Amino acid sequence: NEGALWGGRFESGPAAAMAALSKSTHFDWVLAPYDVRASQAHAKILHGAGLLTDADLATMLDGLERLAADVASGAFAPAESDEDVHGALERALIERVGPEVGGRLRAGRSRNDQVATLFRMWLRDAARRIADGVLDVADAIAGQAAAHPDAIMPGKTHLQAAQPVLLAHHLLAHAHPLLRDVDRLRDFDKRAAVSPYGSGALAGSSLGLDPDAIAADLGFDSAANNSIDATSSRDFAAEAAFVFAQIAVDLSRMAEEVILWSTPEFGYVTLADAWSTGSSIMPQKKNPDVSELTRGKAGRLIGNLTGLLATLKAQPLAYNRDLQEDKEPVFDSVAQLELLLPAIAGLIATLTFHTDRMAELAPAGFTLATDIAEWMVRQGVPFRVAHEAAGACVRVAEGRGVGLDELTDDELVAIDPALTSRVREVLTVQGSVASRNARGGTAGVRVVEQLDGVREVVQDL
Ligand code: ARG
């Protein structure tokens, strides 16, 4: 077999089912541009170590450049007989420069250090693309927050009416986790920026090659300190898979709210036509499929993470072929996020909020009860007593079927002498929201501050 990277000690080739099981070109081909780039760097290292003549280096670099172009254009693609991306590319190089020169490239490297290096390179680029997509979502959220600076909505805990909050405050609560995810991706990159190249199969290289030089050439911060670890660890991949899953979970929580908000029972938002779908039987339907697919894909990304961890958990050192299973889940998580992020950004940016409806519902469920209690505390009443009194206000209002602001002065003082009619200053949702003006609170001044902060981060990153 032309493309095989091994065979000297074998009398027969692999059985068909063996070859089929072993094959990875259908997914590892995305590493091909990285493989060629690393080969260019490796060729220079071989030359530096005196293992390639000037003429051979020139021939090899020319062949690799032509190969890079053929890979990019699709003129070269792996054959049925190629086992993996590395074998296919060596075959292609030999086709271009002949076996005498092409056969020298593999000295001092193994597919084990190669694949660990290329996967890191691919993942570092992917993490940057994903971070950009996440920032676009945060930007869409910030845009909606900026467009609705005064809108008040029902704030909930346990999905039950809790306290009124600003819509912008609630929206920004979905932006902060996403900014932390971007921060996680940048932090991941620091650890991923270590090059396994030069580790060989596991024990390092005897050929006087320079791992630091190749690391620098390939954009890594440094070369690995332990060749066994470098070829067999995949915690960098698991870490990225975790951040991808966390991004999907964060998007899913927001998607879940959009689904609720778009029901007639909530009636908070209308989805744009471009970001919703219809039903094949029910003509009236406008479905929140972007959000539902987000929720669904979050499950899938969690599966990719747990599957990868399970693959890693019992492997002895050093490289085992189990590690070939590391790539598909991570590639898949990236592919799903690349579909999801622009759709969620579009969905959020084009939501129409029904702020009158939200404002009308904001006091429902006696959400100003806490304001009564805290107003009493400001008058010197112990909170225990104030909490009881505010609870009694709720009981009386509920009994009469009215809101807290509709209690009469007589009813109020009967509940507690401290409850003078001045309490009415906090019995509006505007008054309640404006009073929560400590850092991080829902008062307009604080939310504007927060929005500025989010926008600064989005623009900076
Ligand atoms: N395709 C393998 C992987 O993805 C790399 C090849 C290593 N094979 C080997 N027999 N050592 O991990």
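**Entry 1: helix α3**

I began with what covers the buried residues of α3, and found that the cover includes α4 (54-73), α5 (85-97), α7 and α9 (211-217). The model is a predicted one, in which local features need pLDDT of at least 70 and side-chain atom pairs count only at pLDDT 80 or more, while totals for chains, interfaces and linings use all residues. I number residues from 1 along each chain as its sequence is written.

My helices (H or I, at least four residues) and strands (E, at least two) are DSSP runs, numbered from the N terminus. I call a residue buried if 20 or more other C-beta atoms lie within 10 Å of its own, exposed if 12 or fewer, and partly exposed in between, with C-beta atoms placed from the backbone. Packing and touching are read from contacts, that is, C-beta atoms, placed from the backbone, within 7 Å.

Helix α3 spans residues 32-48, 17 residues in all, and reaches 24 Å from its first C-alpha to its last. This is close to the expected 24 Å, the expected span being 1.5 Å times one less than the number of residues. I listed Ala32, Asp35, Val36, Ala38, Ser39, His42, Ala43, Ile45 and Leu46 as its buried residues. An α-helix has 3.6 residues a turn, so residues three or four places apart point the same way. Just after α3, I noted that glycine 50 takes a positive phi of about 80°.

**Entry 2: helix α12**

I then turned to α12 (residues 289-312), whose 24 residues reach 35 Å from first C-alpha to last, close to the 34 Å expected at 1.5 Å a residue. Its buried residues pack against α11 (235-261) and α13 (327-349). They are Val290, Ser291, Thr294, Lys297, Ala298, Leu301, Asn304, Leu305 and Leu308.

**Entry 3: domains and the ligand**

The domain assignment, which is automatic or from a database, gives domain 1 (16-107), domain 2 (112-360) and domain 3 (369-427). The C-alpha centres of domain 1 and domain 3 lie 78 Å apart.

Around the ligand I find Ser24, Asp28, Asp84, Arg111, Asn112, Val115, Tyr319, Arg321, Leu323 and Gln324, taking a residue as near if its C-beta atom, placed from the backbone, lies within 6 Å. The shell divides into three nonpolar, three polar and four charged residues. Here Ala, Val, Leu, Ile, Met, Phe, Trp, Tyr, Cys and Pro count as nonpolar, Asp, Glu, Lys and Arg as charged, and the others, Gly among them, as polar. Helix α7 (residues 111-147) gives the most to this shell, with three residues. Domain 1 and domain 2 both contribute residues, so the ligand shell lies between them.

**Entry 4: two single residues**

I looked up methionine 153, which sits in strand β1 (residues 152-157). It counts as buried because it has 25 C-beta neighbours inside 10 Å. Leaving out residues up to four places away in sequence, methionine 153 touches Val165, Leu167, His170, Met358 and Ala362. Its C-alpha is separated by 8.2 Å from that of glutamate 360, 207 residues apart along the chain.

Proline 99 belongs to helix α6 (residues 99-102). Proline 99 is exposed, with 10 other C-beta atoms within 10 Å.

**Entry 5: record annotation**

An unreviewed UniProt entry annotates residues 366-434 as "domain: Argininosuccinate lyase C-terminal"; such annotations use the numbering here, have shortened names and may be inferred rather than shown by experiment. I find this span to be 59% helix and 0% strand, with its end C-alpha atoms 17 Å apart.

Key. Contact = placed C-beta atoms within 7 Å.
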